[in-house]
Amino acid sequence: MTLTTLIPARPVTNHNAHPAAIDVRNLTVRYNGDAAIDDVTFRVMAGDKVAIIGPNGAGKSTLIKAILGLLRYQSGQITVAGDLATLGYVPQHEDVNWNFPVTVRDVVMMGSARQIGWLRRPSRADWQRVDSALERVDMTAYGRRQVGELSGGQRRRVFIARALAQNADTLLLDEPFSGVDVRAQADLMNVLDRLNSDGLTILLSTHDLDLAFHRFDRVLALRQRLIALGTPQEVYQTDILAQLYGKRLVAWHEGETVSVFVDEHGCADC
Ligand code: ADP
C-alpha cells in the first residue's frame with residue numbers, strides 16, 4: 001500500500017483533559033517462554049481513536065487479548081477505567097464460528113446475557129436496547145437475518161452492536177478491516193468515526209497503514225516492544241517504520257512527500 005500525504009482526520013484529543021481508559025505498564029506476555037509482548041507501557045485516553053500497527057507476529061492480537069483479560073501475562077499491570085464489561089471486543093473473523101442458526105438480533109442479545117441473567121427472558125426494554133445498538137451500526141435492516149448470511153463487514157458491525165448493547169464504552173477490534181472489501185471498510189470506518197464522536201474509545205489493530213495514518217488520532221507501532229506511540233505525524237517516520245517492518249519496508253521521497261510500501265509477503269529473511 002502507498003501513502004502520499006499525511007493529514008489527520010481531525011484535531012488530536014487533548015490528553016490532559018481525559019482520564020486513561022486503558023493503562024498498560026511494563027506488560028510482558030510469553031508463550032512457552034518466548035516474549036510476544038516485551039515490557040510494553042502506554043496509555044489510551046478516554047475518547048481516543050488509536051490504531052495498532054506492526055508486522056504479522058508483532059503481538060497485536062496478544063496485546064488486545066491481554067487487555068481484555070483473555071490471557072495470562074507474566075509481568076506488568078493493566079488497568080481499565082471501568083470494569084472489563086465496559087470493554088467491547090470484535091475478534092478476528094477466523095476466530096468465530098458463524099455456522100449456527102441464529103439471527104442477528106439474537107447474537108446482539110447474547111452479548112447482554114450477563115446483565116439480563118441467563119435464565120430470565122429478555123424484556124421489551126432489552127430488545128429495544130438491541131435494536132438501538134443495531135441502528136447505531138447501520139444494521140437495522142438485517143436484524144432478522146441469519147448471521148451466516150452476512151458479509152464480513154456486516155459481521156464486524158454485529159459484534160460492535162453486541163458491545164454497544166452491553167453498554168461498552170471502549171471498543172477493541174482485532175484486524176476488523178482484513179478480508180472485507182473497500183466499500184465495507186468505508187462503512188465500518190464511518191461507523192467507528194461516529195461512535196468515537198459519541199465518546200467511545202477505540203483501539204484497533206490493522207495492517208492498513210493508509211487507514212491508520214489518515215483516520216486515527218494516534219498510532220501505536222508495535223513489534224514485541226513499543227516502537228512508538230504518537231500522532232500520525234509523529235509515527236510516520238521512515239526510521240520508525242523501518243524498525244517495524246525491516247526489509248519489508250520500501251520508502252521513497254518526492255520533495256516533501258514520503259511514500260511507503262510494506263511488502264508483507266515478499267521478504268524471506270526479515
Ligand atoms: P499479531 O496479531 O501482531 O500478528 P500475535 O499476537 O498473533 O501477533 O502473535 C505474536 C507472537 O505470539 C507470534 O510469534 C505468534 O506466533 C505467537 N503466538 C500467538 N498466539 C500464540 C499461542 N496461543 N501460542 C503460542 N504462540 C502464540
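Start by selecting β5 (residues 87-90) and β6: the two strands pair in the parallel sense over four bridges. Pairing here requires at least two DSSP bridges between two strands. Helices (H or I, at least four residues) and strands (E, at least two) are DSSP runs, numbered from the N terminus. The model is predicted: local features need pLDDT of at least 70, side-chain atom pairs count only at pLDDT 80 or more, and totals for chains, interfaces and linings use all residues. Residues are numbered from 1 along each chain as its sequence is written, and side-chain values use heavy atoms, with hydrogens and water left out.

**Stop 1: β6 and its neighbours**

Pick Leu87. Its bridge partner in β6 is Thr170. Now show the whole of β6, residues 170-174. Is this strand covered or open? It is mostly covered, with five of its five residues buried. Buried means under 20% relative accessible area, exposed over 50%, and partly exposed in between (1.4 Å probe, protein chains only). Turn on the side chains. Thr170, Leu172 and Asp174 point one way, while Leu171 and Leu173 point the other.

Five bridges join β7 to β6, and the two strands run parallel. Thr170 stands opposite Thr201. Leu173 has Leu204 as its bridge partner.

β6, α6 and β7 make a right-handed β-α-β unit. To check the hand, point the strands away from you: the path from the first strand over the helix to the second runs clockwise in a right-handed crossover.

**Stop 2**

Which strands make up the open sheet, and in what order? There are six, in the order β5-β6-β7-β3-β8-β9, with mixed pairing. β5 and β9 (225-230) stand at the edges with a single partner strand each, so one side of each has no neighbour in the sheet. From one strand to the next, the twist averages 15 degrees.

Bring in α5. This helix packs on the sheet and touches β5 and β6; its direction makes about 165 degrees with that of β5. Axes are lines fitted to C-alpha atoms, for helices over the stretch in contact, and angles run from 0 to 180 degrees between N-to-C directions. Contact means heavy atoms within 4.5 Å.

Then select α9 (residues 238-245). α9 lies across β3 (49-53), β8 (218-223) and β9, and runs at about 40 degrees to β8.

**Stop 3: the nonpolar cores**

A nonpolar core is a set of buried Ala, Val, Leu, Ile, Met, Phe, Trp, Tyr and Cys residues joined through side-chain atoms within 4.5 Å. The largest has 53 residues. Which of its residues have the most contacts inside it? They are Ile53, Ile160, Leu171, Leu192 and Leu241. Helix α5 (residues 152-165) gives the most to this core, with seven residues.

A second, separate core has 25 residues, including Ile22, Val44, Ile52 and Leu172.

Center on Leu241. Leaving aside neighbours within four places in sequence, Leu241 is in contact with Ile53, Phe213, Val235, Tyr236, Gly246, Leu249 and Val260.

**Stop 4: the β1-β2 hairpin**

Move to β1 (residues 20-31) and β2 (residues 34-45). Eight bridges join them, and they run antiparallel. They form a hairpin with two residues between them. In the turn, Asn32 has a positive phi of about 50 degrees.

Select Asp23. Its bridge partner in β2 is Arg43, and Asp23 stands opposite Thr79 in β4.

**Stop 5: salt bridges**

Side chains of opposite charge can pair when their charged atoms come close. The rule used here is a side-chain nitrogen of Lys or Arg within 4 Å of a carboxyl oxygen of Asp or Glu. The count comes to ten salt bridges.

Show Asp38 and Arg225. Their side chains meet at 3.0 Å, N to O. Asp38 is in β2 and Arg225 in β9, 187 residues apart. Asp38 is partly exposed at 26% relative accessible area; Arg225 is partly exposed at 43%.

Finish at Asp193. A salt bridge joins Asp193 to Lys49 (2.6 Å, N to O). Asp193 lies in α6 and Lys49 in β3, so the pair ties together parts 144 residues apart in sequence. Both residues are buried. Asp193 also forms a salt bridge with Arg215, the closest N and O atoms being 2.6 Å apart. Arg215 is partly exposed, at 25% relative accessibility. Shared partners join Lys49, Asp193 and Arg215 into one network.
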